[in-house]
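Hi everyone, thanks for coming. I'll walk you through one structure today, so please have a look at it while I talk.

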Amino acid sequence: GQMPTGYQLGYWSVTVSTIQPQIKDVPYGIDSWEPICSVAASPTVLFTSASNDLTNVDAMKASIEANPGKYLFGSSGPGAMTHLTTVAAFAGLGLIDKVKHLPFQGSGPALQAMAANTIQFFGDTEILMQRGDFHPLIAFSQTRLENFPDVPTASEVGIEPPLNELYLWGGLFAPAGTDEAVVAKLSEACGTAVNSEGFQKFAADTQTTINYRDAEEFNTFFRAQYEANSAIIEAAGL
C-alpha cells in the first residue's frame, strides 16, 4: 500500500470513531487513524418529561428506588449516544438494575414516547430540550451549562469518572501513518477554518458548540474518550 497523502480525510462523530469499533465488526479501530482536529463537542444531558414530579436527582433516585421496574428510559437505538447517556446516569447512580431500557428507531419516536409518558427518561444534547416540554436533570460536562445553570453536572450528583462526562463530538481524521508535517499543516488549516467568520455563523445558526482541538490535543482526547466510552459500553451490556 502507498503512504497516506493527507488528501483523504474523514469527519467522524464520537459514535463512529469510539463506539462502533467496540460493539460492531468494523474494519477499523483506535489505531487506524491520525486525529487531525476536533471541531465540535456538545455535552449530553439526562432529562425527563416536565409532567413528572421528578424535578431533581434526589427525587428521581427516591422514586426509582421505591418503584423498581416501574420507570423506563428510551434511546434512539442500542449503542447510540442517547443510550450511553442514560446508562451513564443510571449506572453511575447505582440504579441501572431498577430501570428498564426501551430502544426506539431514532430520536423522533423516542421523544413522542416521552411526551406520552411511555418512557420517563431520555438523554441527548441540550438542543433537544427545545423539542418538547422536558426537564433537564444532569449535565454530562465538566462545568454547568450556560443555558441551564441550575442543572448539576454528573460529578456534582456523585457520578464517578469515566461515567461523568459524555460529549457528542466530531472531528477530522486521516489514515494512520500520514506524515507528521502533513498532519500539522491540516491541523492548523482546520483551526483557521473553525475560527473563520463563516463557520462561526454556521455554528451559531445550527447551535453547534465549537470545540477546536489541534492534532496533539485531539489525539489525547480521542484516546481518552475511547477508553471512557468503553466503560459505558460495558455498563450498557453491549
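**Salt bridges, a disulfide and a buried threonine**

Okay, let's start with Arg223, which makes a salt bridge with Asp31, and their closest N and O atoms are 3.0 Å apart. By salt bridge I mean a side-chain nitrogen of Lys or Arg within 4 Å of a carboxyl oxygen of Asp or Glu. Arg223 sits in helix H7 (residues 215-235) and Asp31 in the loop between helix H1 (14-23) and S2, so this pair ties together parts that are 192 residues apart in sequence. Helices (H or I, at least four residues) and strands (E, at least two) are DSSP runs, numbered from the N terminus.

Before I go on, some housekeeping: this is a predicted model, where local features need pLDDT of at least 70, side-chain atom pairs count only at pLDDT 80 or more, and totals for chains, interfaces and linings use all residues. Residues are numbered from 1 along each chain as its sequence is written, and side-chain values use heavy atoms, with hydrogens and water left out.

Back to our pair: is Asp31 buried or exposed? Asp31 counts as exposed, at 54% relative accessibility, while Arg223 is partly exposed at 32%. The cut-offs here are under 20% relative accessible area for buried, over 50% for exposed, and partly exposed in between (1.4 Å probe, protein chains only).

How many salt bridges are there by this rule? The count comes to 3. Another of them brings together the side chains of Arg144 and Glu156, at 3.0 Å from N to O. Both residues are in the loop between strand S6 (134-139) and strand S7 (167-175), 12 residues apart. Arg144 is partly exposed at 38%, and Glu156 is partly exposed at 46%.

Then there's Asp205 with Lys201, whose side chains meet at 2.8 Å, N to O. These two share helix H6 (residues 197-206) and are 4 residues apart, about one turn of the helix.

Now for the sulfurs. A disulfide is a covalent bond between the sulfur atoms of two cysteines. In this model a pair counts if the cysteine sulfur atoms are within 2.5 Å. The structure holds 1 disulfide, and it joins Cys37 to Cys190, with 2.0 Å from S to S. Cys37 is in strand S2 and Cys190 in helix H5 (residues 180-194), so to speak distant parts of the chain, 153 residues apart. Which hand does the disulfide have? The torsion about the S-S bond is about 80°, so the disulfide is right-handed. Cys37 is buried, with a relative accessible area of 0%, and Cys190 counts as buried at 7%.

Strand S2 (residues 33-49) has a partner too: 5 bridges join S2 to S5, and the two run antiparallel. Strands pair if DSSP finds at least two bridges between them. In S5, the bridge partner of Thr44 is Thr125. S5 itself (residues 121-125) is mostly covered, with 5 of its 5 residues buried.

Where is Thr85? Thr85 is in helix H3 (residues 81-92), and Thr85 is buried, with a relative accessible area of 0%. A polar atom of the Thr85 side chain lies 2.8 Å from the backbone oxygen of Met81.

Terms used: A polar contact is a pair of N or O atoms within 3.5 Å; within protein, one must be able to donate a hydrogen and the other to accept it, and residues adjacent in sequence count only if both atoms are side-chain atoms.
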